[in-house]
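Dear colleague,

I am handing over the structure that we discussed, and my notes on it follow below. Please read them with the coordinates open beside you.

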Amino acid sequence: MCPPNGRATRDDWETPLSRRAFVRAAVATGGSAALSACLGEESSLDAPEGATNPASLPDRQHAWNGSLPTDDDGNVRPPEHHVFLGLALSSDPDDAARETVAAALADVERAVERSADGVLFTLGYTPAYFDRFEPSLADAVDLPAPDPIVALTVESQVTVDTDDALLHLASDDGAAILAVEEALFGERDRLNGRSLSATLDSVFDRSTRRTGFVGPGMPADRQEGLDGIPDGEPVPEEAPFFMGFRSGFRENQATEDRVTIREGPFAGGATQHFETIALDLEVWFEDNDHSHRVARMFSPAHAEREAVGEYGEKLGTATGVAGVVDEIHDHAREYGAVGHAQKVARAREDGEPLLLRRDVNTTDGDIAGVHFVSLQRGIGEFRRAREAMLGEEFGQYGLGPRQSNGILQYLRVRRWGSYLVPPRTHRALPTPVPDGNAEPSR
Ligand code: HEM
C-alpha cells in the first residue's frame, strides 16, 4: 500500500510538492516500508552515485563540512533531514560481525554520494558498548559513562542512552535517508540501483529512532499544533530553529580539526554528545518581546545595539559574543539577564570554541524540541561548556534557572548520551585496542 497513514495518495505522490510533503511525513514517522512501496525496489532516488572506492573517502567520519554547501554568509549549511538510530547489539561483536558492519557501510558509500545530495552518516559507540572489553577504553579516549548535568535545569527527567551505538544519517533528501535505512536493515534489496552485500540487521536491532530537521522556514512550517509552542504560530518564517534564531555561525563553531582526537588508537575520531531537549516556549514567545529574547539568547548588549536582526540575519559569520564575555557580571547586575551564547563562550580555549554543534529541531512525539548534537575532542570539553551554560554563579544576582539566566528556563532535558565516533578505519565494532588484542570480558 502506498503511502501510509492516509496522509497522501499515490496521485499526490506523483507531484514533486506532494512527494516532498510525503517524504517529510515518512521521515518523521519512520514510514519506511511504505516509502519502499512508493520508491519501488529499483529505487527512484535522485541521489548521485557513491564512491567507486570508499577507501578514498576522508578517514574522519565527522568530516562533513567539506561536502556541505555554505549559506550566503559563508557558514556551513547543515543537511535538512536527520535520522538518529539507537542500535543494540543482537550478536557478539566478533570478527564476523565486524566484517558484516564494515561491508554494509562501504556498500552504502558505493551506492550513494557522501554529500548533502546523497547521504552523510556517522556511527558512534557508547561507553556501555566498550564496557564489555578488556582493557578499558579509558586511557585512549575521554569518554566517561554519561553523567547528566541537570542540577539546575527545570523539570527534567533524563534517560541515559545505554544502547551500544548511534547511527546518525543526514541528507537534504529525506527519501535518500529512508532508502539507506531500509537497505541497511534488509527492507529493500537495492539502493540507488546497487545491491548491498551485507546488512546491519544480523548484528544490530534498532532500539530508538529519533528524527530532526533544520533550515530556514522548516520550524515555522511545522509549528502548528505542537506541544511546547503557543497558538498563533510565533516562530519567524525565516528562522532555521524553533527558538527563532540562526545558529552555527562559522566563528562560533569549533573546526573539524579542533574536535579531532590527535593521538592514540582512535586518532582521527571525535567524541559526540547527543542530548534530546523538549522546548517549553509559551513564556519564551508570549512574555518576552524580541529584545528580551535576543538578550537571553545572545546578550543584553546585543539587544541594546539591535545587533541580531529578526532571526540573526545581521550576524554574518559571528555572533560577536566573545566581545561581551568580560561584561557578563555587569550585565547580570545591570540588566538582570545574561545570554546563552555569552555564557557558553566562557568555556572557549585560547579564544577558540571547543564544540562543533550539529543540533537540529525535532517534532518527535509532536513535541517541539531539539536534538543537540556536538562533537568535541573529549567529553570533558563538552562538560565545561555545559557547566558554563548552567551559569550557577549568576544566582548571586538573583538569576536562577527560572530567571533570565540564558535559555535554561525553556529547556527540559529528556535524553543524554555520549559516543565515540571512531575514524572510518575503526568504525565497525571497534575494540578499545582496534589494532591490537582486546578480549570481551563479558
Ligand atoms: C535548545 C537548545 C539550544 C539552543 C536553541 C541554542 C542556541 C544557540 C544559539 C542561537 C547560539 C548563538 C549562535 C551560534 O553561536 O551559533 C548558540 C551558541 C552556542 N551554544 Fe547553544 N543552544 C542550545 C543548547 C546548547 C547546549 C545544550 C549547549 C551545550 C553546551 C550549547 C552550546 C553552545 C555553544 C558552545 C555556543 C557557541 C559559543 C561560542 O561562541 O563560543 N548550546 N546556541
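Does glutamate 109 count as buried or exposed? At 4% relative accessibility, glutamate 109 counts as buried, where buried means under 20% relative accessible area, exposed means over 50%, and partly exposed lies in between, with a 1.4 Å probe and protein chains only.

Before the details, a word on the basis of these notes: this is a predicted model, in which local features need pLDDT of at least 70 and side-chain atom pairs count only at pLDDT 80 or more, while totals for chains, interfaces and linings use all residues. Residues are numbered from 1 along each chain as its sequence is written, and side-chain values use heavy atoms, with hydrogens and water left out.

Salt bridges

The structure holds 24 salt bridges, each being a side-chain nitrogen of Lys or Arg within 4 Å of a carboxyl oxygen of Asp or Glu. Glutamate 109 takes part in a salt bridge with arginine 424, in which the closest N and O atoms are 2.7 Å apart. This pair links distant parts of the chain, since arginine 424 sits in the loop between β13 (411–421) and β14 (439–440) and glutamate 109 in helix α4 (residues 95–111), 315 residues apart; helices (H or I, at least four residues) and strands (E, at least two) are DSSP runs, numbered from the N terminus. Arginine 424 is buried, as is glutamate 109.

Glutamate 109 also meets the side chain of arginine 427 in a salt bridge (2.8 Å, N to O). Arginine 427 lies in the loop between β13 and β14 and glutamate 109 in helix α4, so this pair ties together parts that are 318 residues apart in sequence. Arginine 427, at 6% relative accessibility, counts as buried.

A further salt bridge joins the side chains of arginine 246 and aspartate 71 (3.2 Å, N to O). Here too distant parts of the chain are linked, with arginine 246 in the loop between α7 (218–222) and α8 (256–259) and aspartate 71 in the loop between α3 (32–39) and β1 (81–89), 175 residues apart. Arginine 246 is buried, with a relative accessible area of 11%, whereas aspartate 71 counts as partly exposed at 24%.

The ligand and its iron

Of the 26 residues around the ligand, Gly248, Asn252, His340, Arg348 and Arg357 come nearest, a residue being near if one of its heavy atoms lies within 4 Å. An oxygen atom of the ligand is 2.5 Å from a polar backbone atom of glycine 248, and an oxygen atom of the ligand is 2.8 Å from an N or O atom in the side chain of asparagine 252. The only protein donor of the iron atom is His340 (NE2), at 2.1 Å; donors are N, O and S atoms within 2.8 Å of the metal (3.2 Å for Na, K and Ca), and water is not among the atoms, so sites may look incomplete. Histidine 340 lies in helix α13 (residues 340–344).

Helix α12

In helix α12 (residues 328–335), Ile328, His331 and Ala332 are buried. Seen down the axis of α12, its buried residues fall within an arc of 100°, so they line one face of the helix, the arc being that of the directions from the helix axis to the C-beta atoms. Arg333 and Glu334, on the other side of α12, are exposed. Glycine 336, whose phi is positive, near 65°, follows α12.

Terms used. Polar contact = N/O pair within 3.5 Å; in protein donor to acceptor, adjacent residues only side chain to side chain.
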